[in-house]
Amino acid sequence: MDSARILISAALPYANGPIHLGHLAGAYLPSDMYARYQRLKGRDVLFVCGSDEHGVPITISADREGITPQQVVDRYHAQNHEAFRAFDMSFDTYSRTSLPLHHETARSFLVDFHERGILTEKTERHFYDEKAEMFLPDRYVEGTCPVCSSENARGDQCEQCGSYLNPSDLINPRSKISGGKPVFRETAHLYFPLGKYQKRLEEYIAERDKRDGWKENVLSYCRSWFQEGLQDRAVTRDLDWGVRIPLKGYEKKVLYVWFDAVLGYVSASKDWAQQQGKPHSWKHFWHDPSTKYVAFIGKDNVVFHCIVFPAMLMAWNDGHREQFVLPENVPANEFLNFEGQKFSKSRGWGIDVQDFLERFPADPLRYYLATALPEYRDSDFYWKDFQARNNNELLAILGNYVHRTLTFAHARCGGVVPPRSALNEHDRALLEEVRKAPVTAGRYFEEYRFRDGLLEIMNLARRANKYFNDSEPWKSIEADPERCMTTINLSLQLIRTLAILISPVCPSTSGRMMAMLNLEAPGGNAWDHAGELKLQEQHTLGTPTPIVSRIEDDVIEKEREPFAVKEAAEASPQPEDSHISIDDFKKIDLRVARVIACEKVEDAKKLLKLLVRLDGEERQVVAGIAESYDPTDLVGKSVVLVANLKPAKIRGLVSQGMILAAAADGGRLVLVMPESETDPGASVR
Ligand SMILES: [Zn+2]
């Protein structure tokens, strides 16, 4: 679908933590390259994003830190907004779902669906905290895991054993809010009948795929959802952080975050329109059927953008004259890993965008990520590759070409564009490739194949270097000055071509290239004219400056080292690998034993021989504690015995068990003893 008007959304990042490089490679860099490319095609582009600021994880962060949910989202909204700015994202607006404008927008959908009888009400039983007077979201209920007996399992999952749970599965459930025992109470919720839209959704996806070529990974996620059959989804929750619901009986509930978050694209567009002073201009994008709407996401968001959101827009469109456009395509990337492993905040594995951009400029990162986008399968960020792509490609190919051409023009052509005379076959072959490059790269960008598009652009830069080398202007300047001037004229033209084509990927590098040519930033439909010879003879050039900096080995080593150390530490045997299960532990029969008699073992200065009583049973035990205890110290004391240890012979004496002792300073041993009076034979757990 070739359209003059393009609406682009990038998944709303969740305002409960900083974004990392994996997020950039998922939804953000691709959407930004697409938006910048479409603007250069002269299309009317609206590119929106913003913070997703509702949901239970945010209230949990707030509780943990003793601050309000608003304070949590204020912090991460500001941080992520700043990180995106530093990464040169060209959003037309970066909005947020805590704005009243968004609340009104989301509510209007809910009220409309309710009034038109689309939603159904169902009554369910949920845990309720009577002290706090509130229903408890799954994560607010804790208790003993029915699988592993961990006492701190959450209502949705046990972190100890990884089992997925329902709150009602927990043994001895307790409220995370008051600590009290929650009770079951009935509560009513509104449901969106997703199942009713399944057939239309299947047709919608098939049609758009045929028109715009959906990605295979996205289609296969959708197919698996359709195969399972779409289920009704609750649109309300018992919570007090979120979009309030203006319906009777729903005063203490809010919209379920999935329902309001996808509508964030609509309210962000309204927010943009208000900032422009043209509050209705958002409608040109959302209500004009000729708009092409492309929603960029990461693979974890497919169901919401390919199924839930289109179904909501269909439901709205069924009852209104003004129709919302549905996504024409939902390009979702797979995940980016970091140095061979998944990004993990808790393990400190990975790097936040802000930290990264304090140390390196945005363009080398954008360039490297664009070459390593997880377009079809998961891919990896490696520090070494980042350095190599910067030094061996961005610097050695593009930077070098620009530098040698401009310094030559300044040294030998008076700092102006020299005249062009008759073209030879090498010139014509080059110009043919220059003419084709925007077409080929543009086609890849239209197909969301950014890696291939960038490869095409860099191949042109390689070709440009070869042309410069083969033409040997440093020789022809003496032998055939006209030829030399023609070579430099064409080489300078090519810098302009490359500056335009690379600008969606490396916008500030492109800006420096244009400045060195003493040209304005490309506007209008510059892309389509990128292959033309636009530089006039005698046009004055700007000053040559390096466009890319080398990244040195020691700089990269410093970044990489902490992860290499961590990896080595984790590869050696770890407590995690030597964990035993609760069942393993239960095999050990630990008992309290009372010492009845005790004496030294002859000729063994470390050993004591003890007679101990368990429940109605006496045993002989040999223990290596003679250097720490006198035999007389121990009679009458209670110790802890491993009672089912296989009997062993020590110095000819049978030992029926082992006494537990702690290792203290200087090799001394301290016996483990019950803290108060305990019956012999009592089991120790
Ligand atoms: Zn468990």
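Predicted model: local features only at pLDDT ≥ 70, side-chain atom pairs only at ≥ 80, totals over all residues.
Residues are numbered from 1 along each chain as its sequence is written, and side-chain values use heavy atoms, with hydrogens and water left out.

Trainee: Which residues coordinate the zinc ion?

Mentor: Donors are N, O and S atoms within 2.8 Å of the metal (3.2 Å for Na, K and Ca), and since water is not among the atoms, sites may look incomplete. In sequence the donor residues follow the spacing C-x2-C-x9-C-x2-C. At 2.2 to 2.3 Å, the SG atoms that coordinate the zinc ion belong to Cys145, Cys148, Cys158 and Cys161.

Trainee: What is the arrangement of the 4 donor atoms around the zinc ion?

Mentor: Four donors count as tetrahedral if all angles lie between 85 and 135 degrees. Because the 4 donor atoms subtend angles of 105 to 113 degrees, the arrangement is tetrahedral.

Trainee: How far apart are the end C-alpha atoms of helix H4?

Mentor: Helices are DSSP runs of H or I with at least four residues, numbered from the N terminus, and the expected span is 1.5 Å times one less than the number of residues. The 16 residues of H4 (residues 100-115) should therefore span 22 Å, and this agrees with the distance between its end C-alpha atoms, 22 Å.

Trainee: Which residue in S7 stands opposite Glu142?

Mentor: Strands are DSSP runs of E with at least two residues, and two of them pair if DSSP finds at least two bridges between them. Strand S6 (residues 141-144) pairs with S7 in the antiparallel sense over 2 bridges. Opposite Glu142 stands Arg154.

Notes: Tetrahedral: all angles 85-135°; square planar, octahedral: opposite > 155°, others 65-115°.
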